[in-house]
Each structure stands twice: as structure tokens, then as C-alpha cells.
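This report describes a protein chain through its cores, one of its helices, selected residues and its salt bridges. The sequence and the model are shown first.

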Amino acid sequence: MNKYLPGICFACQKCLFCFNFSPCNCNKNIKPTRVSKPERGQQIYFRVYTPNENLPTANYFLSSAETKFQYNNNFNEPFSFTFCSTCNSKYQRLKTKDKISKKKMKNKAAVDVESLELFEECGIDEIKLHVSIEKKGKKTSTSKALIIKPVEYINVMEKINAFVQKALQNENIKPADYSISYKAMNSRGLSSELEDELDFKEFIEDYKKVTAANKKMGMMVVIDNSTDDETKSSEKRSKNSDNVESDGSVSEEEKLNPARLQLWAREIMNKGTTEDVPPTYPTFSATLGVLVSNNNTQIPTTAPATASATTSATAVPAVASAVPPANTPTPIIIQMPPFQYPYPSFNQLDTSTNHKLPSIHEFLFSLDQKYNCNGEYSQFENAFLEEAITVNVIKDLSDEQMKTLGIVKIGWQKNIRQEAQKY
């Protein structure tokens, strides 16, 4: 049996004075002394083995070295040893692995009475945190102080969640919608996560160390992007529902817009209705609540909500039924706002829905004129002609097909597609 000498590395027996593996004349019975600025690979790490620590992988690393070099150490009692930088790194990685495995086993096991009592007796009356709320990928520069007491896991998490709801003005946010991490403010390095009660124990210990050093503990709440999208969608739905009147009817501005008047005029020309009876389309259901007479005024009607395909002959009695009973309140007659139609006469309304399809030359030339370009769009004429592309199919071209034609700028693509939507 060989006695372990403090001047050599416990795991590899490197000399910690000259840092060589070959036999040297250094006195290894003396414990080496750390220098303030060691060279690369010449750091020294002093460690103490404790029998009660549950670190199976790390302890196996020590016992393997004990067997290999036949040291005379008793692993049932504490003893000191020294590591070089390489062996110390291995040892620390093994300890971290043991701690992670230990944490996973505790998460799977049921919480016993000891763990429940552990978080009720933290040794401090209150904690003061500087909480900042941010979204993924977007950092914030400000934080607010939050004082929490009593210092219990459930109480702390509830106070943080209430703080987040108030800051974001959203009472539907839950702890599952965000992640929490912490570290000393203005310190470098990674932050530690706070997910469960086991993390809370480590948080309390770190909090004591930070405050003992006269520093402040910072806490970061990172909101998941999907939560923000759901909030915006809910607000949009609420806003749209507010636009509908309380009685379920649509606003006066939406009752007879130019599109409905144009449809009505087409039906008059096709002998499908008259100026006093609206067409039998769903868009002219009872929710409109109006008819148009010859003097361009709106008259309340009681037309059925779901109009079926009927002829003008059957629609005539609807005018008679439009007269309200004696006990019905007098309807309010609303004068329609004037609308300047781009046609010479209402009865001579052009029923065509599509513009005349121009040639590629005319289409691209019109873009040059519209955007004051000197042949910037006309340069693609040959590319369109070679691929036999007409104006009406331009809106269906993909970005890759646009690039194949030489239209590589985003502005060009958008302007061409926008103009092609007319055909």
C-alpha cells in the first residue's frame, strides 16, 4: 500500500510542483501552494471527500484511483486530496451528473413530509425581488421591485403570477404560460431556472448568498410567444363583437352600400325585381331592414331573414306587408347619403365585372407610368412573352416563378401582383 502524497494529483499522479508525469526531485510530501496567476494547465484544486454525500459516479471515480494507485485511504472517513485542472474538470462533471440524476429521482417520487416542511422554514421573513417581464427574443430594460411574505413556495408563485397578470393586464395568464429564472442583478453568467419546489430550495439558498453580499436578486419572467398571439386574437374577437349593435342588427352605413345598390340595379335590368322590392339574395335579408323607393329614401321592411329564390310577382305582396300595424311605433325614415356613381345613369349601369385584358406590353408600360419608372417594369416584357404569361395569370405566380422571370425585388413583385388583381 502506498501513502497518498499531497504534492501529486490524486487521479493521475501528476506532480503539482513541476506538472510532469516523469519522476522528478520535487518534495511531494509538502502541500502545494496556489499562485495568484497560474499558467495554463497549472491550476491546483484542493478537495475533501465526505462519506455521506450521495455522489455514486463521482465517488466511483475516486475509488478507481484509490484501487489503481493503491492509496491507503479509508472511504468511511473524510480525507483531503488534490487535483490537477484536467482531473478536477472530470470530477466536477461527474458530480453534476449525480446531482441531475438525484433531482430527477426526487421529481418522480412522492413529496414526503420532510420536503413539505422544508419550504415553510426558510429562515427569512420576506424576499425582495426585482422582476422583469419579457417576451422570447425581446429583452426589456426595466424591472419593478416586488416584496413577498411569508416566504413559502405556493405564496411566492401566486404573488409572481398576480404581478404578471397585472403588468400585462391579462387575468388569463397562468404559470404554465411563462418560464422563471433568476440571478444576481448586473452579474455575468447564466441564470438559474425556478420550476418546482426543489428549485425553490436552491433559490432561497442563492437569495441568502446574494443579499449577504449586499446585492439584489433579479428575476426574469419570459412569456411564451404563443400566449401573446392568443391574447391578441381574443382582443380582436372582442373588438369585432363590439362593432355589432346590441339588437343584433348591422349599422346604417353597412345596410345599403354601393355594392348592394349595384347588385340591385343589375336585377332591375334583368327584370328580376323592381325599385320598390329588394332582390331575393341573402345579402338583402331582414337584417338590412330597408327598401329604396323612387325618391331615394329608405323605408322599413319586414322581409324574411332567409330569402328564397322567388319571382318578382311573389315579392309584390311584401310591399303591402311592409305597412306597420297601428300598434307598431312609427318607423324613423333615414335619408340615404348621396353617392357619386361612375356611370352616366343608374338604370344604364354597366354590368361588366372585369376590365378589358391588356397585353403584357400595355400592362408593364402602365406600371412604368404609374410609379414614374423609366422602363423599370417594361424590361420584363420578353421574359413574360417567352413563358406565354398573360396578365390574368400574373396574380397566381409564386415568388420563385417571379424570380425566374427576373423579378427579384420584393417591391416589383408586390406592385405587379397588386396591379394584376384587377383582371
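## Basis and overall figures

The model is predicted, with local features requiring pLDDT of at least 70 and side-chain atom pairs counted only at pLDDT 80 or more, whereas totals for chains, interfaces and linings use all residues. Residues are numbered from 1 along each chain as its sequence is written, and side-chain values use heavy atoms, with hydrogens and water left out.

The protein chain contains 14 helices and nine strands; these are DSSP runs numbered from the N terminus, helices being H or I with at least four residues and strands E with at least two. Of the 423 residues in the protein chain, 32% are buried. Here buried means under 20% relative accessible area, exposed over 50%, and partly exposed in between, with a 1.4 Å probe and protein chains only. The accessible surface of the protein chain is about 28,300 Å², and carbon and sulfur atoms hold 51% of that area. Areas were calculated by the Shrake-Rupley method with a 1.4 Å probe, and for residues only the protein chains shown count as cover. Among contacts in the protein chain with a separation of 6 or more, 58% are between residues 24 or more positions apart; a contact means heavy atoms within 4.5 Å.

A nonpolar core is a set of buried Ala, Val, Leu, Ile, Met, Phe, Trp, Tyr and Cys residues joined through side-chain atoms within 4.5 Å. The largest one comprises 28 residues, and Leu 129, Ile 160, Phe 203 and Val 221 have the most contacts inside it. Two or more residues each are supplied by strands S3 (127-135), S4 (144-148), S5 (178-184) and S7 (217-223), and by helices H4 (153-168) and H5 (197-212). H4 gives the most to this core, with six residues. Apart from this core lies another of 22 residues, including Ile 44, Ala 65, Phe 83 and Cys 87.

Leaving aside residues up to four places away in sequence, Val 221 touches Val 131, Ser 132, Ile 133, Glu 134, Ile 160, Val 164, Tyr 178, Ser 179 and Ile 180.

The buried residues of H4 include Tyr 153, Val 156, Met 157, Ile 160, Phe 163 and Val 164, together with Asn 155, Asn 161 and Gln 165. The buried residues of this helix pack against S3, S4, S5, H5 and S7. The 16 residues of H4 should span 22 Å at 1.5 Å a residue, and its end C-alpha atoms are 23 Å apart, which agrees. The expected span is 1.5 Å times one less than the number of residues in the helix.

## Backbone features and a buried lysine

Lys 149 and Pro 150 are joined by a cis peptide bond with omega of about -5°, and Pro 150 is found in the loop between S4 and H4. Gln 169, which follows H4, has a positive phi near 55°. This residue lies in the loop between H4 and S5 and counts as exposed at 75% relative accessibility. Asn 372 also has a positive phi, near 55°; its place is in the loop between helix H11 (360-370) and helix H12 (381-386), and its relative accessible area of 73% makes it exposed.

Lys 14 lies in the segment before strand S1 (44-49). Although buried, Lys 14 has no salt bridge, and the nearest side chain of opposite charge, Glu 39, is 12 Å away. For charge, Lys and Arg count as positive and Asp and Glu as negative, while His and the chain ends are not counted. Beyond residues up to four places away in sequence, Lys 14 touches Gly 7, Ile 8, Cys 9, Phe 19, Asn 20, Phe 21 and Cys 84.

## Salt bridges

The structure holds six salt bridges, each defined as a side-chain nitrogen of Lys or Arg within 4 Å of a carboxyl oxygen of Asp or Glu.

Asp 199 in helix H5 and Lys 103 in helix H2 (residues 85-108) are 96 residues apart, and their pair links distant parts of the chain. Asp 199 is buried at 3% relative accessibility, whereas Lys 103 is partly exposed at 32%.

Glu 126 lies in the loop between helix H3 (113-118) and S3 and Lys 149 in the loop between S4 and H4, so their pair ties together parts that are 23 residues apart in sequence. Glu 126 is partly exposed at 37% relative accessibility, and Lys 149 is exposed at 53%.

In the remaining tabulated pair, Lys 174 is partly exposed at 47% relative accessibility and Asp 177 is buried at 16%.
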